Amino acid sequence: MSYKSLFFLLFLLVALFHESISHARSIDPLLGLEALRKGFVDTTDFTAEITQEKQFSIMKRTMTTTGVVRFKKPDIFFMEIKPPYSSRLLLRDNTIEQSNGKDNNKNRIILPPEQSLKQWFSKLTTPFTKIPDGVDLRADLTASNYTLYISPFKKGMVKELAITFQADGIIRKVVINEQNGDKTTMTFRKFKKNIGLSESDLSL
Amino acid sequence: MNKLKYILAFYILFLISSCAHTPPPPLVYNQGAVVETMSTGISLSLQTPERSISGSGFMVYRRPDKIHMILLSPFGTTVFEVFALGNKITLVYPSQGVAYTGPINQLPKKGGAQGWSLMRWVMDADPVGMTKINGTYGRVNNQGSKEDITVINGLITVKSNSDGDKVYYENYSLINGVPVASEIDIRNKQNDRIRLKLQESEVNTHLNDAVFIPRLDGIKLLPLSELKLD
């Protein structure tokens, strides 16, 4: 094989590979929402390592934290952030308990019933036939990754939330864009689902 | 062979206990070094008789009296911002779309709000090394108030005022040639306690004026007198 044809072949491979990894194709948002729901139907629990990057728009600084998240149906979410910003959070339905650092002081916050975790996940039990009220929804598909972009109509703190996931329910990334221009990117690694998390895995 | 094991174990224990009790060497710094600006990650814990709050966030400071502090939710979104500029303070709650502004002396007496009124006093540190002899001294500070300071190796470790407010500065380290306490523990007369841990601090770097100006687009601005903290 001549250098010319080898170069052409390489160019073709790179072009195809680049196309397959980088081209985001817009899809019907309802299709994206259904992909999320279906991916989550058979998930009883999951655990993942996370890296959270908060970009402060005005300060030109980024704060990076790492940790783990665990979730168990129907309504328990646990997050532990490693030092130096150590914190542990447990959300059980609509009650948040949080402890920071080694002093072990716990905060307790009760969320309004409409923000309960059980209620949110109950929405994923039946197929979506229309876009949920109060939000604008967009979706795209890049290789095997779906991304749903959710923008609340009501002007609050969050401008847009984007969740990137696979059809099998594995979450890759969550991006939160705030009205003030700040952006938080939470990247998931070592995502494992249905591993049989116990109560002790989900306590502060 | 057993004897050798015991000797080795004893030696390791001795080394460990020696390490645990050896105080860190005193910091070597240039006399007169001072924090003019700081941008730093923070872990904050506020305990009051009524409630306790904790979280992480970010703070920028410009000497002597400009502070902007951001507290974040565990998911990284902004929960609360404080802008203290001279005698004016603005508290912003983005999720509620509301902010309160007014003179610092109009902060509510309860709910930990009084702690914010001490931030200038806490952050406005002297140039280091001005007092050479270790000990506790009474003085009038650069805001014209009387206070007691405790100095060790030229660094202020405790400050207290006649109102019963007290601040402890701990774990000094050198950043950009300036000694900076990475743990600050504030107790006030209302029995509130604020603990502040500074992380990934940058000292005496350029800060734009814009970082000290509250961003209030779409936020309802109310007078501080309307702030109610339970």
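Visitor: How many residues of chain A are in contact with chain B, and what makes two residues count as being in contact?

Guide: Two residues are in contact if their C-beta atoms, placed from the backbone, lie within 7 Å; by that rule, 28 residues of chain A are in contact with 26 residues of chain B. This is a predicted model in which local features need pLDDT of at least 70 and side-chain atom pairs count only at pLDDT 80 or more, whereas totals for chains, interfaces and linings use all residues. Residues are numbered from 1 along each chain as its sequence is written, while chains are lettered from A and ligands numbered from 1 in the order in which they are written.

Visitor: Which elements give two or more residues to the side of chain A that touches chain B, and what makes a run of residues a strand?

Guide: A strand is a DSSP run of E with at least two residues, a helix a run of H or I with at least four, both numbered from the N terminus. The elements concerned are strands S2 (45–56), S3 (61–72), S5 (87–92), S6 (95–100) and S11 (171–178) of chain A. S2(A) supplies the largest share, three residues.

Visitor: How do the residues of this side divide into nonpolar, polar and charged?

Guide: There are 11 nonpolar, 11 polar and six charged residues. Ala, Val, Leu, Ile, Met, Phe, Trp, Tyr, Cys and Pro count as nonpolar, Asp, Glu, Lys and Arg as charged, and the others, Gly among them, as polar.

Visitor: Why is Val203(B) called buried?

Guide: A residue is buried if 20 or more other C-beta atoms lie within 10 Å of its own, exposed if 12 or fewer, and partly exposed in between, with C-beta atoms placed from the backbone. Val203(B) has 20 C-beta neighbours inside 10 Å, and therefore counts as buried. Val203(B) belongs to strand S12 (residues 193–203) of chain B. Beyond four places in sequence, the residues it touches include Met38(B), Ile175(B) and Val35(B). Val35(B) is 168 residues away from Val203(B) in sequence, yet their C-alpha atoms are 6.4 Å apart.

Visitor: How do you know that strand S2 (residues 52–62) of chain B is mostly covered?

Guide: Nine of the 11 residues of S2(B) are buried.

Visitor: What makes strand S1 (residues 37–47) of chain B and S2(B) a pair?

Guide: Strands pair if DSSP finds at least two bridges between them. Thr37(B), for instance, stands opposite Arg62(B) in S2(B), and a hairpin of four residues joins S1(B) to S2(B). S2(B) also runs antiparallel to strand S3 (residues 66–72) of chain B, with six bridges; here Gly57(B) has Leu71(B) as its bridge partner.

Visitor: Which residues touch the most other members of the largest nonpolar core, and what makes a core?

Guide: A nonpolar core is a set of buried Ala, Val, Leu, Ile, Met, Phe, Trp, Tyr and Cys residues joined through C-beta atoms within 7 Å. The largest has 47 residues, and Met59(B), Ile67(B) and Val180(B) touch the most other members. A second, separate core of 15 residues includes Ile76(A) and Phe78(A).

Visitor: Where in chain B is confidence lowest, and where is it highest?

Guide: The score is pLDDT, the predictor's confidence in each residue, from 0 to 100. Helix H1 (residues 2–21) of chain B is lowest, at a mean of 54, and strand S13 (residues 220–223) of chain B is highest, at 96. Chain B averages 86. Where pLDDT is low, the predicted coordinates should not be read in detail.
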